[in-house]
Amino acid sequence: MDSPQTQSPVQPIKSLLYWRKSKVNGAATVPVILSLDPSGVLSMQNAELRTIFALPVSHASVRFTSWGTMVVQAHGQQHDIVGVGASMSPSPSRAQLAELGTASGGNSGNDSNLGRLGSAGAAMSAADGIGAVAGVAGGVAMEYAYYRGLEAIKAWQETLPLAGATVKKSSMKAMKYFTLAVIAALAIALVAGLLIR
């Protein structure tokens, strides 16, 4: 009779995410690899794959905001982690991309194009002389990047409590409500403009 296989209670996951070191300096939002290994160690590595923090996941305190920021308290320090970089964020390093290429059994999450999509969208909307069409195209690209990054953050929100971290969850719907409000405002402005004519 075969003995049942024992499974690790920790589901490993590895993602390319972005560490927002500053709320005002987009260039300080840098790519990192966040990992949870099968032994239950949560770690974050920078572009050179140097460890920023590593601790048992049960010692981590994590809060998810309505905008999709994962706020990790590790060794007494707060790390704001987001799913997509700012328009001025550096690209993921070759070492990070290689590390994600070797990820097995985990979720490699974001692809390296995420930050580039946000940058391309911002550049398109700001620099293209085509006007409204470029603005819409840039906005769509940036929103696509945001939601792809949000999916990676949501995967962590589901994984971390099961692994033993102290987690405060969020529905992460702030962008959805913001987008609906902008669409409603544009529709009202359009109708008002037509009525004035």
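In which strand is S15 found? In this predicted model, S15 belongs to strand β1, which spans residues 13–20. The residue has a relative accessibility of 0% and therefore counts as buried, the cut-off for that class being under 20% relative accessible area.

Strand β1 is part of an open sheet of 8 strands, in which the order is β4-β3-β2-β1-β7-β6-β5-β8 and the pairing is mixed. The edges of this sheet are formed by β4 (51–56) and β8 (166–168), each of which pairs on one side only. From one strand to the next, the twist averages 25°. Within the sheet, strand β6 (residues 70–74) and strand β7 (residues 77–82) run antiparallel and are joined by 5 bridges; the bridge partner of Q73 in β7 is Q78.

Turning to the helical part of the model, E158 is located in helix α3, which comprises residues 132–163. With a relative accessibility of 45%, E158 counts as partly exposed, because this class lies between the limits of 20% for buried and 50% for exposed residues. Although E158 and K169 are separated by 11 residues in sequence, the distance between them in space, taken from C-alpha to C-alpha, is 8.9 Å.

Note on methods:
Residues are numbered from 1 along each chain as its sequence is written. This is a predicted model: local features need pLDDT of at least 70, side-chain atom pairs count only at pLDDT 80 or more; totals for chains, interfaces and linings use all residues. Side-chain values use heavy atoms; hydrogens and water are left out. Helices (H or I, at least four residues) and strands (E, at least two) are DSSP runs, numbered from the N terminus. Buried means under 20% relative accessible area, exposed over 50%, partly exposed in between (1.4 Å probe, protein chains only). Two strands pair if DSSP finds at least two bridges between them. Axes are lines fitted to C-alpha atoms, for helices over the stretch in contact, and angles run from 0 to 180 degrees between N-to-C directions.
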